[in-house]
Amino acid sequence: MAMTTKEQVLLRTEQVERVQPLNRDLLEPTNHQTVRPSPHPIMFLNCGQLLPPLLRHADVPARITESFILSGYRFPNYSLAQCLLSAFRPTNETGNFWTHFLPVFIFAFYFLEPFGLEGAPPTGDPFFYPLWNYFTGVLCLLMASSMAHLLNSMSLVIREVCFFVDYGTISAYTVGSSLAYYYYIHPRAGILELGIGRHNNTHQDTSSSSSSSLSSAMPEFSVFFETLYIPSSCLVAIICVLACCNTRQRWRTYRYIIRTLVFLLPFLVASTPIFYRLLHSSPYLPTSSSFSSSASMAQFFCRHCFWLVVSALFNISKIPERLSPGRFDIWGHSHQWFHVCTFLSILDELHMINGEVRAILLHPVLVVPPATPPHLPGPTLASTYGVMLVLQASIASIIAWFSWCANSIYKPQGDQLEKEFLTKRHLKCH
């Protein structure tokens, strides 16, 4: 009498376990149909299925497991196509992908708001260079984060590279924010240089009084704001990349605390112009439209800080999965809430920046005859795109170094793990 498929699998399992014990949960047949192995290596590995079965934490390398997440893991041998398809399959990374991919479109929608304001210069005008750099920073952060969670199951080495890039884009985003703060929230932002244009006497008086009050109010900060602010932001961003990449190869026990605290430093440095504005009077006259537009800055900044604090708490505490391991493996675990809160903080930051851009465009000294367009000091290709380009090149070199180190460490381990996994899946398919 011919043996059934299950009997054949159990017989093969017993034969192999005499030499090397295997995980019976991994070998248990998922159905009672005869499976025909495909000659294609990927299909052969997956027993003819489009995507491999999801695994528990005990069936995958310890390197890819997360605290209190017990199931929903992908073995790190997926192809690119399989990784992309897994975005539509409930794994423990699916929510991490969508919570930073969908916000790209929400952010883009609100980002376009300043370009439609009355009196706004063309989108390619130097006035908008800092805003475009900020947009680039946020876009790279959201896309790198979502793609890191989607593609990290291709191999152990690619997993490391994905998250190195993720940390790099977070640091680049902080410098993008600094550029926007410097040119739109800086205490001197939007103030016209005297003698430029054919202002009437009222406008000249307003400009003179605004510039005089600012000069007297911030002498102790002028050197930092005008000379050290952007370089400091770039230096801190590079330090953050180095520290976060290091947590993937050492300091593993406290990696979440270190990563969270490390990014507190660029927040404090980047937010210096906002702290100054909150502690001093507004540069705009109380009766002006600019003052009304700028008045919401404190509210949006407080909300921005609130969401950052909440996201940090989720990232460090690992709540709610810590309270009920296994229950939040697919949906609702802390990293998904971390993503949601970080995006809400970015959205409030965008609203704050948009309000300041609107305030600058409404400033009385900008109301000049069309024949004499206002001259806004500051943004140039070198001081915005040039800064980001140099920063990105520095971050890329750091990522390349850590990626080379990761390849030398994890490539041999990954090859051995894949051979063992192939053997197990071969037995399951037969």
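A nonpolar surface patch is made of residues with over 30% relative accessible area and no salt bridge, with nonpolar side chains joined within 5 Å. This predicted model has such a patch, of about 850 Å². It also has a largest nonpolar core of 83 residues.

**The surface patch**
- The patch is made by Y254, I257, L261, L264, L268, F275, L278, L279 and I316.
- Helix 11 (255-262), helix 12 and helix 13 (272-279) each give two or more residues to the patch.
- Helix 13 gives the most, with three residues.
- One patch member, L264, is found in helix 12.
- L264 counts as partly exposed because its relative accessibility is 43%, which lies between the 20% and 50% cut-offs.

**The nonpolar core**
- The residues with the most contacts inside the largest core are F107, Y134, Y181, Y184, M352, I353 and L391.
- Several helices each supply at least two residues of this core, among them helix 6 (103-111), helix 7 (129-151), helix 8 (156-185) and helix 17 (382-429).
- Helix 8 provides the largest share, 16 residues.
- I353 touches L131, Y134, A180, Y181 and Y184, leaving aside residues up to four places away in sequence.

**A closer look at A144**
- A144 sits in helix 7.
- A144 is buried because its relative accessible area is 13%, under the 20% cut-off.
- Leaving aside residues up to four places away in sequence, A144 touches V165, D166 and T169.
- A144 and C162 are 18 residues apart in sequence, and 7.7 Å apart in space from C-alpha to C-alpha.

Notes. Residues are numbered from 1 along each chain as its sequence is written. This is a predicted model: local features need pLDDT of at least 70, side-chain atom pairs count only at pLDDT 80 or more; totals for chains, interfaces and linings use all residues. Side-chain values use heavy atoms; hydrogens and water are left out. A nonpolar core is a set of buried Ala, Val, Leu, Ile, Met, Phe, Trp, Tyr and Cys residues joined through side-chain atoms within 4.5 Å. Buried means under 20% relative accessible area, exposed over 50%, partly exposed in between (1.4 Å probe, protein chains only). Helices (H or I, at least four residues) and strands (E, at least two) are DSSP runs, numbered from the N terminus. Contact means heavy atoms within 4.5 Å. Patches are made of residues with over 30% relative accessible area and no salt bridge: like charges are joined within 9 Å, nonpolar side chains (Val, Leu, Ile, Met, Phe, Trp, Tyr) within 5 Å. Accessible areas come from the Shrake-Rupley method with a 1.4 Å probe; for residues, only the protein chains shown count as cover. A salt bridge is a side-chain nitrogen of Lys or Arg within 4 Å of a carboxyl oxygen of Asp or Glu.
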